[in-house]
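Student: Could we go through this structure together, one question at a time?
Tutor: Gladly; have a look at it first, and then ask away.

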Amino acid sequence: MLADCIKTQYDQKLIRQILGLARTYVLYWVKYLIMIHTALVVGATGITGNNLVQELIAQGMITYGLSRNPDDSIPEMIPVKADLLDKESLEKALHDIAPTHVYFTTWMRKDSEEENIRVNGAMVRHLLEVLSPKKSVQHVALVTGLKHYLGPFDAYANSGTLPETPVREEHPRLPYPNFYYAQEDEVYAAAEKEGFTWSVHRPHTVIGYAVGNQMNMGTTLAVYASICKETGRKMIWPGSEAQWNGLSDVADARMVARQLFWASTTEAAKNQAFNIVNGDIFRWKWLWYRLADWFGVEAEGFNGEIRPLEQILKNDADLWKQIAAKYSLKEAVLDRLASAWHTDLDLGRPLEVMTDMTNSRRAGFTAYQNTEDSFYQLFEKLLFEKLIP
């Protein structure tokens with residue numbers, strides 16, 4: 001009897017020790033797995049950030065979304081409220097967050113390129129300085145754009161020398177102030193100091209779902225077409241002859257998201273810059289009429305002069321409020337949906353613009369998206385979300 005009791009007590013103690021070790025082991029691996037799959041998306045409410053968050057969650061990553069005004073539109077995303085220009089705000093917001101993968105997808109528009117450089121460079125620097133003591137970052141991905149190759153419009157307008165297209169990652173930096181260069185340099189310096197890998201992604205005209213975004217051609221054109229349909233106006237081409245007749249391409253925000261995830265998790269893609277577009281090309285003189293047909297409005301092409309969309313829409317803020325009220329739309333503020341100024345920059349260029357994708361294709365990124373479908377799928381989404389009538 002006594003021997004059996006001792007044996008039972010010994011067995012129970014052994015079982016408790018085994019369970020304790022097992023619990024410690026499980027907790028260790030849970031913590032480890034969370035660490036290697038923790039993403040921080042900076043600019044999560046933007047057109048690229050929003051789609052990237054969804055991609056990362058679908059890929060099984062624990063995903064934090066940082067922005068000045070976070071929302072809860074993606075239930076699986078963990079929102080983080082912070083101001084990138086306020087390091088104290090960042091330190092407080094990121095105190096308990098140790099991301100391994102950082103995706104920087106935002107920027108701030110200022111009145112001059114010198115101010116753009118100062119402010120946007122500081123945003124990247126502040127974030128990486130705050131994360132530095134954690135020693136958790138393995139990869140930083142930065143989203144910029146084709147201004148890297150094209151520079152400001154005034155530069156080639158005044159010089160009379162147009163940038164070479166299709167643009168390739170091997171093209172050297174231009175001798176003009178450019179905040180994209182400042183952002184890259186902050187990432188390069190931190191990577192050299194901290195030892196993490198990096199990737200830079202340069203999309204051309206991102207098409208995708210977002211509200212309140214500063215560079216949103218797809219939604220801008222949807223709003224413009226909706227106004228034309230409501231008022232009986234023609235959908236007038238606002239851009240240049242070169243853009244109307246020339247070849248072009250765009251980047252679906254979902255394609256950008258796929259490339260960001262791919263580059264941050266693929267060894268062959270580390271420490272490189274990549275262009276990113278859908279993979280097809282088109283001419284606006286063909287696509288413009290198809291977009292107008294989707295809305296059931298009459299289109300008008302290039303007539304010999306540029307007719308900026310910003311001027312076309314400048315007096316339509318009150319009209320959009322009326323349309324929003326009539327159709328019970330969610331957003332009545334025109335400027336929250338339409339970024340006519342940026343659409344004018346894209347469509348007003350005095351040259352055709354195409355993007356070479358060889359660099360990422362060679363490294364294994366083979367995704368493709370039909371551009372016409374990109375626009376139609378966005379329009380359907382805007383209808384579903386009651387953002388256009």
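Student: How many residues of strand β5 (residues 139-143) are buried?
Tutor: This is a predicted model, in which local features need pLDDT of at least 70 and side-chain atom pairs count only at pLDDT 80 or more, while totals for chains, interfaces and linings use all residues. Residues are numbered from 1 along each chain as its sequence is written, and side-chain values use heavy atoms, with hydrogens and water left out. Strands are DSSP runs of E with at least two residues, helices are runs of H or I with at least four, and both are numbered from the N terminus; buried means under 20% relative accessible area, with a 1.4 Å probe and protein chains only, exposed means over 50%, and partly exposed is in between. Strand β5 is largely enclosed by the rest of the structure, because its buried residues number five of the five.

Student: Which residues cover each side of β5?
Tutor: In a regular strand, side chains alternate between the two faces of the sheet. In β5, both faces are covered, and the residues on them are all buried. One side has H139, A141 and V143, and the other has V140 and L142.

Student: What is the order of the strands in the open sheet?
Tutor: Two strands pair if DSSP finds at least two bridges between them. β4 (residues 101-104) is joined to β5 by four bridges, and β5 to β6 (residues 197-203) by five. The open sheet has seven strands with parallel pairing, in the order β3-β2-β1-β4-β5-β6-β11.

Student: Which strands are at the edges of that sheet?
Tutor: An edge strand here pairs on one side only. The strands that do so are β3 (78-81) and β11 (272-276).

Student: Is H139 buried or exposed?
Tutor: H139 is found in strand β5, and its bridge partner in β6 is T197. Contact means heavy atoms within 4.5 Å; beyond its neighbours within four places in sequence, H139 touches residues including H101, F196, W198 and K270. Its relative accessibility is 1%, so H139 counts as buried.

Student: Which strands does helix α7 (residues 179-194) lie across?
Tutor: Angles run from 0 to 180 degrees between N-to-C directions, and axes are lines fitted to C-alpha atoms, for helices over the stretch in contact. Helix α7 runs at about 165° to β6. The strands that α7 lies across are β4, β5 and β6.

Student: Why are α11 (residues 284-295) and α17 (residues 371-384) called roughly parallel?
Tutor: Angles under 35 degrees count as roughly parallel, over 145 as roughly antiparallel, 65 to 115 as roughly perpendicular and the rest as oblique. The axes of α11 and α17 come within 11 Å. They cross at roughly 25°, and therefore α11 and α17 are roughly parallel to each other.

Student: How many charged residues does the contact of α11 with α17 have?
Tutor: Residues of α11 including W284, R290 and W294 meet residues of α17 including E372, F375 and E380. Ala, Val, Leu, Ile, Met, Phe, Trp, Tyr, Cys and Pro count as nonpolar, Asp, Glu, Lys and Arg as charged, and the others, Gly among them, as polar. By class, this contact has 10 nonpolar residues, one polar and, to answer you, three charged.

Student: At what angle do α8 (residues 217-231) and α17 pack?
Tutor: G218, T219, L221 and A222 in α8 meet F375, L378, F379 and L382 in α17. This contact has six nonpolar, two polar and no charged residues. The axes of α8 and α17 are 10 Å apart, and the helices pack at an angle of about 65°.
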